[in-house]
Amino acid sequence: MTAIAAEPATGTDALQRAREGDHDAFAELVSEHEAMVYSIAYHVFGDRDRASDLAQDVFLQLYRNLGAIESESHLLYWLRQVTTRRCIDLLRRSRLRAVPLDDVAELQSPESHRDPLLGRTLRDLVTTLPESQRVIVTLRYQEELGPNEISRVMGMRVNTVKSQLHRALQSLRRKLEER
Amino acid sequence: MSIEQGLKEALARKSPPPGFTARVMDAIGRETRVPARPARRWWQWAAAAALLMAIGGGTTAHYIEQRREGERAKQQVLLALRITGAKLRGTREHVRAISRQEE
């Protein structure tokens, strides 16, 4: 699966109109992609407010750079890349580690988990991983991207992505067993 | 359930807080709005008028000084011409006197 080719061109019209200065069209783009951007930040930080602020900044940056966006697939790639980079920058600056996840988030999940406790535990554990591993795990399991796509988004070698993902899973398994 | 399946379910996309899109659009509106130009205060106008007067006064004084210098130079040239003319007349009279004596 490739991130660029696999996405449907549903927002192409809105993108074109937004590029021509149509604010309503830009609002459509925000509405279409807000869950993706917000969720990446939320799963990395485990904090709703921080995720919401970061997502808002990403869309403001998008508005300023609309002229550089060539297509809907490029938009998707751009949003993932800018969001993950901002997450990593913010993590490195504030050296955030384990942050308790907000209780309300569970109610807003689009699917109901068979084991809500496991879901909650896993999300908590993800926020204890080192910075780049958190982002890699989020892109792998939230966005369902493969190692090649993750390497493109994060500007890393594919082998590095694979080894980081392997280490992250090992760490999560170990921590899960310890509980 | 495998840990990978568990992660897929645990890390499913979530909706941002209600009103997120509206907040983004508000922020964009604030950013793109042209700020109103603040009204100038009286002292800004006074400073601008004083500056204009200073520039205007300076320019006028410079012009008058140039006119005076030009006038002085003109008088000097006329004086020099008068002296030269008188000298030439004297020399011509002297030459005529010598010529009459020789005849």
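This is a predicted model: local features need pLDDT of at least 70, side-chain atom pairs count only at pLDDT 80 or more; totals for chains, interfaces and linings use all residues.
**Chain B on its own**

Chain B contains three helices and zero strands, and when it is read along the sequence its pattern is α-α-α. Of its 103 residues, 17% count as buried. The accessible surface of chain B comes to about 8,500 Å², and carbon and sulfur atoms account for 60% of that surface.

**The contact between chain B and chain A**

How many residues does each chain bring to the contact? Chain B gives 25 residues, while chain A gives 43 residues. The area buried between the two chains is about 3,200 Å², with carbon and sulfur atoms giving 68% of it. On the side of chain B, the residues that lose the most area to chain A are B:Leu11, B:Arg13 and B:Lys14, which together make up 25% of what that side buries.

B:Arg13 also takes part in a salt bridge, in which its side chain meets that of A:Glu143 at 2.6 Å, N to O. Between chain B and chain A the count is two salt bridges, and seven residue pairs are in polar contact, with both residues of a pair at pLDDT 80 or more.

Two helices of chain B, H1 (3–10) and H2 (20–32), each supply at least two residues of the side that touches chain A. The largest share of that side comes from H2(B), with nine residues. By residue class, the side of chain B that touches chain A divides as shown in the table.

| Class of residue, side of chain B touching chain A | Count |
|---|---|
| Nonpolar | 14 residues |
| Polar | four residues |

**A loop residue of chain A**

A:Glu144 is found in the loop of chain A between helix H7 (131–141) and helix H8 (147–154). Its backbone has a phi near 55 degrees, a positive value in a residue other than glycine. Most residues other than glycine have a negative phi. Is A:Glu144 buried, partly exposed or exposed? A:Glu144 counts as partly exposed because its relative accessibility is 42%, and the partly exposed class lies between the cut-offs of under 20% for buried and over 50% for exposed.

Methods. Residues are numbered from 1 along each chain as its sequence is written. Chains are lettered from A and ligands numbered from 1 in the order in which they are written. Side-chain values use heavy atoms; hydrogens and water are left out. Contact means heavy atoms within 4.5 Å. Buried area is the accessible area (1.4 Å probe) that two parts lose on being put together, summed over both. A salt bridge is a side-chain nitrogen of Lys or Arg within 4 Å of a carboxyl oxygen of Asp or Glu. A polar contact is a pair of N or O atoms within 3.5 Å; within protein, one must be able to donate a hydrogen and the other to accept it, and residues adjacent in sequence count only if both atoms are side-chain atoms. Helices (H or I, at least four residues) and strands (E, at least two) are DSSP runs, numbered from the N terminus. Ala, Val, Leu, Ile, Met, Phe, Trp, Tyr, Cys and Pro count as nonpolar, Asp, Glu, Lys and Arg as charged, and the others, Gly among them, as polar. Buried means under 20% relative accessible area, exposed over 50%, partly exposed in between (1.4 Å probe, protein chains only). Accessible areas come from the Shrake-Rupley method with a 1.4 Å probe; for residues, only the protein chains shown count as cover.
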